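Here is a short report on a ligand and the pocket around it. Please look over the sequence and the model first.

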Amino acid sequence: MSQTPPPPAPPRARAEIDLAALRANVRALRARAPRSALMAVVKSDAYGHGMVPCARAALAAGATWLGTATPHEALALRAAGIGGRIMCWLWTPGDPWREGIEADLDMAVSGLWALKEVTAAARQAGAPARVQLKADTGLGRNGCQPADWPALVAAARAAEDEGLVEITGLWSHFACADEPGHPSIAAQLDVFRDMVDHAEKAGVEPEVRHIANSPATLSVPESHFDLVRTGIAMYGVSPSPELGTPADFGLRPVMTLAASVALVKQVPAGHGVSYGHHYVTGAETTLGLVPLGYADGIPRHASGRGPVLVGGQWRRIAGRVAMDQFVVDLGGQTVEEGAEALLFGPGDRGEPTAEDWARAADTIAYEIVTRIGARVPRVYVNEVPEECDERTADE
Ligand SMILES: Cc1ncc(COP(=O)(O)O)c(C=O)c1O
């Protein structure tokens, strides 16, 4: 595999994004669902990894669809020159349906209000809209209830006969796929099959039927249907500790979050540290200042607990995470200013992982990577040059 060396560290902090890892993860996920297409879910700035570079890397590794939540995200992909199929699913009244039609998006429809707006936009555009009808098979969030499904399917079929829409997909989303063996998984699959069956009997000929997210792609093969929609696993993060570690699935974390220690100083015993003095030094010690805070997405909830590798050792955040900085107690160890503080990454260098941070902040690893803020520059490594064939690049 050809590796490009990481660029020199910018002064304060960086989120290094390893696109070779992302490509390898896409290939590993495709191997788990070999008969299904793969939709790379790149919403929310690719879970904090950077939407456009990650979308390109996923496509280079064989993803054939991209998925976003909002139409604005999908339109931004088009504006960046990305072709192929892009689906977006979180629509609000008044959203840019017409632009979606003109940009060739596949647009989720969860209810009659949305069908009304999309057909009006199709009339204006003079072109049919590609729509994917979303069933609520038990998640209880977006999607059409089974009781309302016949009316939505009938209205969509009528719009299709009028040439206003093409129904390209039937789909749904799991509630508990990250809890192996949860009874709702099989129950949702049953409801999904029934709702698909009803639509097909009503004349819908979907190009794709899909329900699997990352945890289902990894652990529920009967959920793969025609397409799997993978987000978190593609970024090399485990959907849940119960399911396993990334390595258990041959996945490698894509993001490494690092900062440069901004100040090291000696303080006496009994010294309060950071707002509220929730940490007080037990003995004379050295403190290291890490210039990342909750404005950068470091959870304030990880105050006193978040792990950081500094000077070859795991240290815990001492006291509160502030807006722009936090402190670690170096226990008398001398570390130079400018030394690297590794918050999380693949773990190869002994650093914590996003899963470790999720535990420390009492949250899920999805939130840890996704919330890393815009002030932290993303530094892409192992990009494939445009003229280079991706398969040979990763050999
Ligand atoms: C509708 C939909 N599909 C797929 C995904 C991807 O889920 P995951 O990141 O677990 O793969 C999401 C993310 O939450 C989603 O909202």
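The text below covers the ligand, its contacts and the pocket.

This is a predicted model. The ligand is surrounded by 15 residues. The closest of them are K43, Y47, S214, G231 and Y366. By type, the shell around the ligand holds seven nonpolar, five polar and three charged residues. Three elements each give at least two residues to this shell: α2 (43-47), α9 (214-219) and β9 (227-230).

| Residue | Atom on the protein side | Distance |
|---|---|---|
| K43 | N or O atom in the side chain | 2.7 Å |
| Y47 | N or O atom in the side chain | 2.6 Å |
| I232 | polar backbone atom | 2.8 Å |

How much of the ligand does the protein bury? Taken alone, the ligand exposes 390 Å², and the protein buries 93% of that.

Now the pocket. The ligand takes up the space of the largest pocket. The volume of this pocket is about 660 Å³. Its lining counts 30 residues. Nearest the centre lie K43, Y47, R141, H173 and Y366. Four elements, α2, α9, β9 and α11 (365-370), supply two or more lining residues each. The lining of the largest pocket divides into 16 nonpolar, eight polar and six charged residues.

K43 and Y47 link the two views. They are among the residues closest to the ligand, and they are also among those nearest the centre of the largest pocket.

Terms used:
Residues are numbered from 1 along each chain as its sequence is written. This is a predicted model: local features need pLDDT of at least 70, side-chain atom pairs count only at pLDDT 80 or more; totals for chains, interfaces and linings use all residues. Side-chain values use heavy atoms; hydrogens and water are left out. A residue is near a molecule or strand if one of its heavy atoms lies within 4 Å of it. A polar contact is a pair of N or O atoms within 3.5 Å; within protein, one must be able to donate a hydrogen and the other to accept it, and residues adjacent in sequence count only if both atoms are side-chain atoms. Accessible areas come from the Shrake-Rupley method with a 1.4 Å probe; for residues, only the protein chains shown count as cover. On a 1 Å grid over the protein atoms alone, a cavity is a set of points where a 1.4 Å probe fits but cannot get out, and a pocket is an open set with protein on both sides within 12 Å along at least five of seven lines; lining residues have an atom within 4 Å of a point. A molecule sits in a cavity or pocket if more than half of its atoms lie within 2 Å of its grid points. Ala, Val, Leu, Ile, Met, Phe, Trp, Tyr, Cys and Pro count as nonpolar, Asp, Glu, Lys and Arg as charged, and the others, Gly among them, as polar. Grid points are joined across faces, edges and corners, and a volume is the space filled by probe spheres set on the points.
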